[in-house]
Amino acid sequence: MPENDTASGTAGDPAGGESGAVEAPEQGSSSPPVLRRTLTFRDLIVYGLLFIAPMAPVGIFGTLQAKSHGAITLVYLVATVAMAFTAYSYAQMVRVAPQAGSVYTYARVGLGEGAGFIAGWMAMLDYLLIPAVAYLFSGIAMHALVPEVHQWVWTALAVVVTTLLNLWGVRTAAVVGFAVLAMEIAVLAVFVVAAVAELVAHGAQRGWAAPLTGEGSFSMTAVLAAVSVAVLSYLGFDAIAAFAEEARGAHGPAGAGQRGADRVARAVITCLVVAGVLFAVQTYLAALLAPMSAAELAAKPGTQGEAFYATVDASVGGWLHDLVAASKALGAAFAALAGQAAAGRLLFAMARDRRLPGAMAKVDVGSGVPRRALLGAAVVTLVAAVWAARRADGLDHLSSIVNVGALTAFALLHASVIGWFRVRRRAEVPSVLRHVVVPVVGLAVVVAVIVEASRTAQLVGAVWLAVGLGVLGFQYWGARREGKTGR
């Protein structure tokens with residue numbers, strides 16, 4: 001299939017645009033490559049919710065119940081508010097730079113080239129590894145249903161199928177993703193109806209307010225400790241911003257850029273709110289029906305991973321257990337699809353700015369997607385997922401390191417809001433609340449979560465950051481050398 005072989009370059013002037021927004025260039029024979037504007041508001045929501053997964057709390061339900069002393073629904077309500085600061089910062093910056101690359105682009109225009117590269121580098125760690133974890137979840141679930149086929153085969157098959165969908169085109173992947181998302185929400189609806197019916201018929205296992213107030217004495221310290229884990233359920237809503245350059249109306253005639261940016265900003269916030277509601281409803285019902293108390297789960301850590309399924313088995317029946325498991329298997333693969341697509345856009349944007357090999361900045365003419373960037377992301381994810389699938393401790397290794405990169409990138413996002421509105425655009429009068437208070441609170445939340453992360457995650461994040469700084473230093477050295485020699 002033919003490709004656009006236009007040379008890569010910078011995506012726009014940070015000071016450009018009447019409103020201060022950084023506009024991506026139009027496609028042309030002498031301008032940097034851009035992506036097709038085909039995604040609707042619904043498509044953006046689909047990508048965000050697919051990546052998050054509507055039933056994300058299922059796997060950590062028992063852990064959060066134990067940590068919060070039973071106040072799991074309050075945990076998710078607080079987590080939603082905590083992540084709202086990050087969502088709002090995304091909404092601010094996507095209006096400034098409605099381009100592919102997400103936090104890489106925002107840090108670049110708000111803080112400078114070096115900070116932009118580090119933000120993209122750290123986000124890259126998660127955008128490549130979170131899909132690997134999701135693919136592995138899918139492989140494990142399928143192996144449980146068809147044990148004759150090894151889980152690494154199912155894992156690799158999931159990577160291949162979703163990669164082909166991503167290569168087919170962003171709209172095609174969004175349409176198929178919408179069908180999968182509808183199935184996941186339908187399964188969640190079945191659980192909600194069945195749980196309500198059980199509560200009406202037989203009552204709750206504990207007080208109706210327990211999921212909000214805890215079992216026994218209330219502990220805000222325990223709730224906040226659980227929030228530091230729960231916020232990881234929301235990682236993925238930020239991927240919407242990676243598709244900013246493909247949202248309808250993202251560029252073009254006067255006013256179109258603002259309309260497209262507003263659409264992406266609304267999608268980011270809407271996705272977070274919808275996810276928060278879904279998480280709160282399912283955890284509230286599950287907590288009321290759970291056969292084991294929070295204290296029992298804390299005393300028996302081995303039961304925490306299956307706590308949600310045990311609740312479904314005990315209250316509704318095995319048929320719903322199997323339905324939820326199958327839904328999680330398919331949903332995990334398509335969460336990885338959204339993550340892989342976002343990773344491809346990040347690699348594309350960094351390559352277009354000559355921060356990664358320029359070959360990944362090519363846009364396929366037939367499908368309109370950054371094919372080489374997508375394939376690069378797919379290869380790394382495939383290797384990581386299959387490696388983990390072939391090891392007994394593979395899931396533990398991957399799961400322990402997948403979040404610090406995104407959290408570090410979030411920290412730079414909040415700094416970018418301050419950098420752009422208070423420093424770069426200081427001639428205007430910024431809002432102290434929107435452009436200082438919100439990002440500072442969001443930064444504090446992110447730092448607190450990083451501090452609570454596992455030591456393995458912190459170590460891997462530090463090593464990845466050190467490598468990124470080394471690459472950045474090499475690039476600066478090469479640029480200075482090139483300038484001195486006149487090449």
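Me: What makes α5 roughly antiparallel to α13?

Reply: Again, the angle. Helix α5 (residues 113-145) packs against helix α13 (residues 318-352) at about 155°, and their axes are 8 Å apart. The cut-off for roughly antiparallel is over 145 degrees. About 155° passes that cut-off, so α5 is roughly antiparallel to α13.

Me: Which way does α5 pass α13, left-handed or right-handed?

Reply: The crossing of α5 past α13 is left-handed. The contact of α5 with α13 has 24 nonpolar residues, four polar and no charged.

Me: How do you know that α6 and α14 are roughly antiparallel?

Reply: The axes of α6 and helix α14 (residues 371-389) cross at roughly 170° and come within 9 Å. The label needs an angle over 145 degrees. Roughly 170° meets that, so α6 and α14 are roughly antiparallel to each other.

Me: Which residues make the contact between α6 and α14?

Reply: From α6 come Gln151, Trp152, Thr155, Ala156, Val159, Thr163, Asn166 and Leu167. From α14 come Arg371, Leu374, Leu375, Ala378, Leu382, Ala385, Val386 and Ala389. By type, the contact of α6 with α14 divides into eleven nonpolar, four polar and one charged.

Me: Why is Ser416 called buried?

Reply: Its relative accessible area is 0%. Buried means under 20%, so Ser416 qualifies. Ser416 lies in helix α16 (residues 404-424). Beyond four places in sequence, Ser416 touches Met93, Tyr106, Ala107, Gly110 and Leu111.

Me: Why is Ser293 also called buried?

Reply: Ser293 has a relative accessible area of 18%. The cut-off is under 20%, so Ser293 counts as buried. Ser293 is in the loop between α10 (256-289) and α11 (294-299). Leaving out residues up to four places away in sequence, Ser293 touches Arg206 and Glu215.

Me: What makes Tyr88 partly exposed?

Reply: Tyr88 has a relative accessible area of 26%. Buried would need under 20%, and exposed over 50%. The value of 26% falls in between, so Tyr88 is partly exposed. Tyr88 sits in helix α3 (residues 72-96).

Me: What does Tyr88 touch beyond four places in sequence?

Reply: Tyr88 touches Ile269, Arg434 and Val438. Tyr88 and Ile269 are 181 residues apart in sequence, yet their C-alpha atoms are 7.0 Å apart in space.

Me: Which residues of α12 are buried?

Reply: In helix α12 (residues 307-315), Ala307, Phe308, Tyr309, Thr311, Val312 and Ser315 are buried. Gly317 follows α12, and its phi is positive, near 145°.

Me: What is the overall make-up of the protein?

Reply: The protein has 18 helices and two strands. Of its 487 residues, 55% count as buried. Take contacts between residues at least 6 apart in sequence: 81% of them join residues at least 24 apart.

Me: Where is the mean pLDDT lowest, and where is it highest?

Reply: Among the elements, strand β1 (residues 3-4) has the lowest mean pLDDT, 40. Helix α8 (residues 210-213) has the highest, 93. Over residues 24-29 the pLDDT is below 50, and this stretch has 21 contacts beyond near neighbours in sequence. Residues 250-257 also stay under 50, with 20 contacts in the model beyond four places in sequence. Where pLDDT is low, the predicted coordinates should not be read in detail. Across the protein, the average pLDDT is 82, and 87% of the residues score at least 70.

Key
Residues numbered from 1 in each chain as written. Predicted model: local features only at pLDDT ≥ 70, side-chain atom pairs only at ≥ 80, totals over all residues. Heavy atoms only, no water. pLDDT = per-residue confidence, 0-100. Helix = DSSP H or I, 4+ residues; strand = E, 2+ residues; numbered from the N terminus. Contact = heavy atoms within 4.5 Å. Axes fitted to C-alpha atoms, helices over the stretch in contact; angles between N-to-C directions. Parallel < 35°, antiparallel > 145°, perpendicular 65-115°, else oblique. Left-handed = near helix turned anticlockwise from the far one by under 90°. Nonpolar A, V, L, I, M, F, W, Y, C, P; charged D, E, K, R; others polar. Buried < 20%, exposed > 50% of the residue type's maximum accessible area, 1.4 Å probe, protein only.
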